[in-house]
Each structure stands twice: as structure tokens, then as C-alpha cells.
Amino acid sequence: VPMAACVKHWVADGATALGTGTKDFEWTGAPVGVLDQGDAQIDERELRESHVAAYLPALAASGAAAPLTVMVSYSSWNGVKAHASHYLVTTLLKEELGFGGLVVSDFNGVQQCCPDDFKAALALAINAGIDMVMTAGGMYGDISLADQLEVAERAVGEGLVPMARIDDAVRRILRVKAAMRL
């Protein structure tokens, strides 16, 4: 059975400031509003030396251990959701570190970019470099998969997401499928 390694959760979950967490998973019974999905309030030096550095061995792995996917963190870096950060996802991960696989959102992580406007959230996340959106697709009161696809099509049609960004995401997804012989 083909499997793809996934490096997660990109980046700085371990630096979230006490009290900046969310209540998104309150239903689990876990403490809320403490650290989970919080804000890493650190400078770039600390981000790179302590947090990016932890991912380097996994990203450098080769052969069967090479990761084909990276999942983005729910957390934020200095107030910007990782899912909406072009710097963290595209500039740092894809361009500087040369990650050529696909970048996937965390479960409904895109919606957190702009909770009241799915089209704006989707545009932010896709333009940041998210290649594949993991979604509840209508379960748990979420926007249906059909509606999400329609919103994505409108975002591209309205020029909110450039077709070149869609082409890049599709290339990355197909590259992973080919590597897995799917």
C-alpha cells in the first residue's frame, strides 16, 4: 500500500504564548485558551534557530523516508495564522528550503484565516501556498464540499487566486501521486 510521509505541523507550535490558544477543540475536553492553536510571539532568529531547525532533518530525508507532504500548523506567528502566511509557507518552506512536495492544510484550518468569509480565507490560504485543503466538507455544520468548490472557482474567476497558483498546486499534487505510483 503506497504511503506518503507528512511532516507536521509547520511551524512554531512549541512557541505559542500562554493564554493565546483557541477554543476550537473545546469539545475534546482539553484545556482551552491556553496554548493549543496559539500565537508564537517570537522573532525570526528564534523561529529559525529553534523551530525551523527541528524540521530540517525530516525535510532533508531521502529515499523511502523523504516526506512528500507538509501539513501547516493551526498556530500563528506574531499574529498571522500559519495557513495565511506566504512567508512561512511559500518563501521559507517552498522557496528557501526547496520543499517540492505538496502542502496541506490542517483540518478546517483554512476557515481560521478569516472565519466569517470563506472566500477570503480560501484566497489567503491558497495564495500563502496551501496546495490541498483538508476539510470537513459539510460535516459538523461546515460549508459543504460542493459549496467550497464553487467558492474556489469564484475566487479564481474573480482574480483573487491566480491561475498560476492553481497550476503550481496541481503540479505538486500530481508530483506526489506520481512518486507514489498512483
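Just after helix 4, Gly 159 takes a positive phi of about 80°. The model is predicted.

Step back into the helix itself. Helix 4 runs over residues 145-157. Its 13 residues reach 18 Å from first C-alpha to last, close to the 18 Å expected at 1.5 Å a residue. Gln 148, Val 151 and Ala 155 are buried here. Viewed down the axis of helix 4, the buried residues fall within an arc of 60°, so they line one face. An α-helix has 3.6 residues a turn, so residues three or four places apart point the same way. Helix 3 (118-128) is included in what covers the buried residues of helix 4. On the other side of helix 4, Ala 146, Leu 149, Glu 153 and Gly 157 are exposed.

Now turn to the charges. Lys 94, Asp 131, Arg 165, Asp 168 and Arg 172 are linked in a network of salt bridges. Asp 131 pairs with Lys 94, with the closest N and O atoms 3.0 Å apart. That pair links distant parts of the chain: Asp 131 sits in the loop between helix 3 and helix 4, Lys 94 in helix 2 (residues 86-96). Asp 131 also forms a salt bridge with Arg 165, at 2.4 Å between the closest N and O atoms. Arg 165 lies in helix 5 (residues 163-179), so this pair ties together parts 34 residues apart in sequence. Asp 131 and Arg 165 are buried. Lys 94 counts as buried because its relative accessibility is 8%.

Within helix 5, Asp 168 and Arg 172 are four residues apart, about one helical turn. Their side chains meet in a salt bridge (3.2 Å, N to O).

Note on methods:
Residues numbered from 1 in each chain as written. Predicted model: local features only at pLDDT ≥ 70, side-chain atom pairs only at ≥ 80, totals over all residues. Heavy atoms only, no water. Helix = DSSP H or I, 4+ residues; strand = E, 2+ residues; numbered from the N terminus. Expected span 1.5 Å × (residues − 1). Buried < 20%, exposed > 50% of the residue type's maximum accessible area, 1.4 Å probe, protein only. Arc of directions from axis to C-beta. Contact = heavy atoms within 4.5 Å. Salt bridge = Lys/Arg side-chain N within 4 Å of Asp/Glu carboxyl O.
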